[in-house]
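The entries below follow the order in which I looked.

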Amino acid sequence: WTWLQAIYKALVLLVIACPCALVISTPVTVVSALAAAARRGILIKGGTYLEEARRLKAVALDKTGTVTEGKPKLVDSVLVDTSGNEATVFTIAASIAGRSDHPVSKAIAEGLKGPQGEVGDFAALPGRGVQATHAGQAYVLGNHRLIEERGLCTPSLEAELKRHEEAGRTVTLLASDKAVLALFAVADTIKESSQAAVAELRALGVVPVMLTGDNAATAKAIGAHAGIDDVRGNLLPEEKLDAVKAMQQRYGAAAMTGDGINDAPALAQADIGFAMGGAGTDTAMEAADVVIMNDDLRRIPETIRLSRRAHAVLWQNITLALGIKGVFFVLAVFGSATMWMAVFADMGASLLVVANGLRLLRSA
């Protein structure tokens, strides 16, 4: 070889060896997938969570605001302590419920439509209800579990609770330190998209599980309507967290979907946390890795499918980049490659992987 030939061949090898296509193959694919998800109202907080979504084997779903509309309505109000004045008792309930931002409490406050008085010492009881004082008297407005813990349940009350719970209603009770004063039954409707979302998850080989702080009977009724077999009710925030840990041990990779403060620990623990962006709290969206802006559960299987497709395109790009480089490198070693071939192996391969990665945007 003359010096000119040697320098020419060296330049050809140098251009072919440039790793531009290989370096750009991953980020262009990930960014395209993130943009495609954003167009569908799915905000993913980074490529790591996009890539992890394809590994999910189980998804835990909260009930209120996630599987259901999260817009419950008061359907029945019962004065349990007949020695009390109904108007006074319902005013106390409306006053306490009006201070809470929980959907069930809002439904009670709106359903009673009565005058509201001043309450003090208001505090949330996570997974149970709320407590406050009215006219110097302490009251709690909470679920069946809270009343059981305070030892205020009676056989007649249990029978009334069972009747409402088997009908798929969420029951909230107003109680003083000594007795249960009133019972409020709230009904929520299941989202139209929930059944389709559960069916799509099953088709993808992902197991749906419902985790809720609501009573077991109501949870099973809603779960059966949505097509979810594994339903767990009466869960406190820490128990939801433990349930997600157990799912991770059993299935490998598990996700959590929720919208409330009670869901935040489980959202943070899950491999991927999905938060409802429309009706969700700031705490839930902060703890989650993915925010679904339109609260449509079908976006979860869409995310999994997009993750799997992005993974396939990513490997296509890597194979394409390395394959083109390998072919032209062999040609260059045997003296058959020219500079234009080297330019194609470099810029041509880069353009090919970019175009292949951008295909993820077409179905957005």
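**Entry 1: the seven-stranded sheet.** I began with an open sheet of seven strands, ordered E1-E13-E12-E11-E2-E9-E10, in which the pairing is mixed. Strand E1 (42-44) and strand E10 (230-232) are the edge strands, each pairing on one side only.

I note the conventions here. This is a predicted model, in which local features need pLDDT of at least 70 and side-chain atom pairs count only at pLDDT 80 or more, while totals for chains, interfaces and linings use all residues. Residues are numbered from 1 along each chain as its sequence is written, and side-chain values use heavy atoms, with hydrogens and water left out.

Helices (H or I, at least four residues) and strands (E, at least two) are DSSP runs numbered from the N terminus. Two strands pair if DSSP finds at least two bridges between them. Axes are lines fitted to C-alpha atoms, for helices over the stretch in contact, and angles run from 0 to 180 degrees between N-to-C directions.

**Entry 2: inside that sheet.** Strand E11 (residues 254-258) and strand E12 (residues 272-276) run parallel and are joined by four bridges. Glycine 258 has alanine 275 in E12 as its bridge partner.

Which strands does H14 lie across? I found E1, strand E2 (58-61), E11, E12 and strand E13 (290-292), with H14 running at about 50 degrees to E1.

Entry 3: For a salt bridge, a side-chain nitrogen of Lys or Arg must be within 4 Å of a carboxyl oxygen of Asp or Glu. By this rule I have a count of 15 salt bridges. In one of them, arginine 299 joins glutamate 302, and their closest N and O atoms are 2.9 Å apart. Both residues lie in helix H14 (residues 299-333), three residues apart, or about one turn of the helix.

Buried or exposed? I used these cut-offs: buried is under 20% relative accessible area, exposed is over 50%, and partly exposed is in between (1.4 Å probe, protein chains only). Arginine 299 counts as buried because its relative accessibility is 17%. Glutamate 302 counts as buried because its value is 18%.

**Entry 4: the six-stranded sheet.** I then turned to an open sheet of six strands in the order E3-E8-E7-E6-E5-E4, with antiparallel pairing. Its edge strands are strand E3 (73-79) and strand E4 (120-125), each of which pairs on one side only. Neighbouring strands here are turned by 15 degrees against each other on average, direction ignored.

Helix H8 (residues 155-166) packs on this sheet and touches E3, strand E7 (170-175) and strand E8 (180-187); the direction of H8 makes about 10 degrees with that of E8. Contact means heavy atoms within 4.5 Å.

I checked how E8 is covered: seven of its eight residues are buried. E8 runs antiparallel to E3, with six bridges joining them, and valine 186 in E8 is the bridge partner of leucine 74. Six bridges also join E7 to E8, again antiparallel; there, alanine 185 in E8 is the partner of valine 171. A hairpin of four residues connects E7 to E8.

Leucine 125 has glycine 129 in E5 as its bridge partner.

Entry 5: I looked up aspartate 76 and arginine 163, which form a salt bridge with the closest N and O atoms 4.0 Å apart. The pair links distant parts of the chain, with aspartate 76 in strand E3 and arginine 163 in helix H8, 87 residues apart. Aspartate 76 counts as partly exposed because its relative accessibility is 23%; arginine 163 is also partly exposed, at 44%.

Arginine 128 forms a salt bridge with glutamate 149, the closest N and O atoms being 2.7 Å apart. Arginine 128 is in the loop between E4 and E5, and glutamate 149 is in helix H7 (residues 144-149), 21 residues apart. Arginine 128 is partly exposed at 25% relative accessibility, as is glutamate 149 at 45%. I also noted a network of salt bridges linking Arg128, Arg145, Glu149 and Glu239.
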